[in-house]
Amino acid sequence: MRVLVTGAAGSIGRVLTVGLTDRGHEVVGLDLLPPPEGHQGSWHTVDCSDPDAVAAVFAAEPLDAVVHLAGVPVEEDLPTELTAHVLTTAALLDAMVASDVTRIVYASSNHAVGRTPREGLPGGLLTTDVRPRPDTFYGTAKVAAEALLSLYADRFGIDAVACRIGSFLAQPEVRRNLATWLSHDDCVRMVEAALTAPAPGFHVLYGISNNAGAWWDLEPGRAIGYHPQDDAAEWADRLPDRPEDEQENSVVGGPFVGESFYRPAL
Ligand code: 15L
């Protein structure tokens, strides 16, 4: 497939660009930053929240699908978050409709449901049937971006897979990651499954590895062919014990729930 990857210079983007290319896909990169050294193929250094710039990319490139990673990966004020996650998604969806590109894979986040307490989860696992419960403005913007994908799936028949990513890391670093880790290889597996699953419609899955200590249900991923192979448990003995572990492990969103993230929206 010929795939536009937004945020292609970011931490997930750099791994995915190589991973998808290795699996035979052709990647067109888009980012505010220039291409990383060694990037092969097409690249557009543009602001993904600018609809004209995005439309120009679609006019220049024949595309089969979009992987939307671009955005601010941390907590900022509400307008910044809405621009980074909702307006970018809107610009891409409008360009997709205009160019008849019908598949988008979206890097959503566990923080869309981060305020959900872990206690009382049926079977200890959070399903995708729960209400949106963001922990931050970042999480709120992810919820809104998912809602926009749902709208365009219903209105225009777009296939939109929202992957609520846990912690994308080369290896687990803290005890929370025993549940939340998404390995680099599993991330590539997840996105390829989401790109190639037949007619998923609007679909939400949790983007984590096959972690024995998972808090999230992997079934929605398996339903579209995502079969993760890595398990954070293999790193358990090497992870430090920290005073903040208990709080971080009591709610899905971990540190994002803490009062240090409380700030005015505007
Ligand atoms: C995310 O969605 C963030 O982008 C990243 O910075 C981490 O906080 C990650 O979630 C996580 O929950 O570990």
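Mentor: Start with His-111, where an N or O atom of the side chain is 2.8 Å from an oxygen atom of the ligand, a polar contact in the sense of a pair of N or O atoms within 3.5 Å (within protein, one must be able to donate a hydrogen and the other to accept it, and residues adjacent in sequence count only if both atoms are side-chain atoms). The side chain of Arg-176 likewise has an N or O atom 3.0 Å from an oxygen atom of the ligand, whereas Gly-166 takes part through a backbone N or O atom, which lies 3.4 Å from a ligand oxygen. On its own the ligand has 320 Å² of accessible area, and the protein covers 73% of it, with areas taken from the Shrake-Rupley method with a 1.4 Å probe.

Before going on, please keep in mind that this is a predicted model, in which local features need pLDDT of at least 70 and side-chain atom pairs count only at pLDDT 80 or more, while totals for chains, interfaces and linings use all residues. Residues are numbered from 1 along each chain as its sequence is written, and side-chain values use heavy atoms, with hydrogens and water left out.

A pocket, on a 1 Å grid over the protein atoms alone, is an open set of points with protein on both sides within 12 Å along at least five of seven lines, a cavity is a set where a 1.4 Å probe fits but cannot get out, and lining residues have an atom within 4 Å of a point. The largest pocket has a volume of about 990 Å³, and of its 44 lining residues the closest to the centre are Gly-71, Val-72, Pro-73, Val-74 and Tyr-138. Helix H3 (78-99) is among the elements that supply at least two residues of this lining, and H3 gives the largest share, four residues. The whole lining has 21 nonpolar, 16 polar and seven charged residues.

The second largest pocket holds about 270 Å³ of space, and of the 17 residues that line it, Thr-17, Thr-21, Gly-38, His-39 and Gln-40 are the closest to its centre. Here H1 gives the most, with five residues.

Finally, the structure holds one cavity of 30 Å³ or more. The largest cavity has a volume of about 40 Å³, and its lining divides into eleven nonpolar, no polar and no charged residues, including Ile-12, Val-67, Leu-69 and Met-190.

Note on methods: Points joined across faces, edges and corners; volume = space filled by probe spheres on them. Nonpolar A, V, L, I, M, F, W, Y, C, P; charged D, E, K, R; others polar.
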